[in-house]
Amino acid sequence: MSDLSSLLRDALNDPATGWSLGAFGAIAEFVRDPDEPVALRDDGPELEARTARGGLRLRPTPAIRAVPYRTRNGSLAVALCLPRHVAAMNRRRVVTELGPDREAIAGADRDARLFDLGLNVFQTDVCVRSADPATIARLRAVVGTELLAPGNPLPPDLPALSPDRVFIGPFGRIEVSQPIPPPDGRSPEGPHTHVLPKLLAHGRTHAATVPIPDGWVPSLYLSPPAGSFAAWEGLGG
């Protein structure tokens, strides 16, 4: 655990490391520029990085297993996994209001209202958050409905509303504050999210190309710079 915690702290402090949290078809990504202002916390049980565009929080636990691997295009990656029986989140199936986001990374966001989108993702609660009264009313209007059901009026409105996206896993969260692009637009540089209904329909915890050991579920991924990958390889296994 001490080796993992040390590697995670080093990764948190390195702007060259990218992070993602989610499952097959629903993913949040957190990255930051080398010169981007960032609030870091790496001196306690929780590790945090927060910029104006998004944030990351980790709560390392001894149950985490690091699985380093190379992607199909040769990129370096590490999947942080938990045993399947402890990896599950709430798996809500309808839009659900959760109340104030008391666990928000920034104190200013802790009174904003948090809504689970009800996507039934095994290891991630896929949520949105807003303090804007009009956006909250719009979200409340679809509470109890299936977001991706035909005719649900909310998805077409989400780019204009652009609430914060909050992806919550068993030992961390990623928050994204940037606008949601329209269907024909491109994701912004920096922190962003992808929710792809056709992939979600497969009900997979991860892509088949990711070499996750049987009985384990990845919750969070990081893309370390090449110089640190050997240390992760030494930890894996």
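This is a predicted model: local features need pLDDT of at least 70, side-chain atom pairs count only at pLDDT 80 or more; totals for chains, interfaces and linings use all residues.
**Largest pocket**

I looked up the largest pocket and found a volume of about 700 Å³. Its lining has 30 residues, and Pro 155, Leu 158, Ile 180, Pro 181 and Val 195 are the closest to the centre. I then checked which elements contribute to this lining. β10 (125-130), α4 (154-161), β11 (164-169) and β13 (192-195) each give at least two residues. Sorted by class, the lining of the largest pocket holds 21 nonpolar, seven polar and two charged residues.

**Second largest pocket**

I noted about 570 Å³ of space in the second largest pocket. I counted 25 lining residues there, with Ile 27, Tyr 69, Ala 207, Val 210 and Tyr 221 nearest the centre. At least two lining residues come from each of β1 (18-23), β2 (26-30), β7 (76-83) and β14 (216-223). β1 gives the most, with four residues. By class I found 14 nonpolar, nine polar and two charged residues in this lining.

**Helices α3 and α4**

I returned to α4, which also supplies residues to the lining of the largest pocket. How do α3 and α4 pack, by angle and by distance between axes? For α3 (residues 133-140) and α4 I read an angle of about 165 degrees, and the axes are 11 Å apart. Angles over 145 degrees count as roughly antiparallel, so α3 and α4 are roughly antiparallel to each other. The crossing of α3 past α4 is left-handed.

I listed the residues that meet: Thr 135, Arg 138 and Leu 139 from α3, and Leu 154, Asp 157 and Leu 161 from α4. This contact divides into three nonpolar, one polar and two charged residues.

Methods. Residues are numbered from 1 along each chain as its sequence is written. Side-chain values use heavy atoms; hydrogens and water are left out. On a 1 Å grid over the protein atoms alone, a cavity is a set of points where a 1.4 Å probe fits but cannot get out, and a pocket is an open set with protein on both sides within 12 Å along at least five of seven lines; lining residues have an atom within 4 Å of a point. Grid points are joined across faces, edges and corners, and a volume is the space filled by probe spheres set on the points. Ala, Val, Leu, Ile, Met, Phe, Trp, Tyr, Cys and Pro count as nonpolar, Asp, Glu, Lys and Arg as charged, and the others, Gly among them, as polar. Axes are lines fitted to C-alpha atoms, for helices over the stretch in contact, and angles run from 0 to 180 degrees between N-to-C directions. Angles under 35 degrees count as roughly parallel, over 145 as roughly antiparallel, 65 to 115 as roughly perpendicular and the rest as oblique. A crossing is left-handed if the near helix is turned anticlockwise from the far one by less than a right angle, and right-handed if clockwise. Contact means heavy atoms within 4.5 Å.
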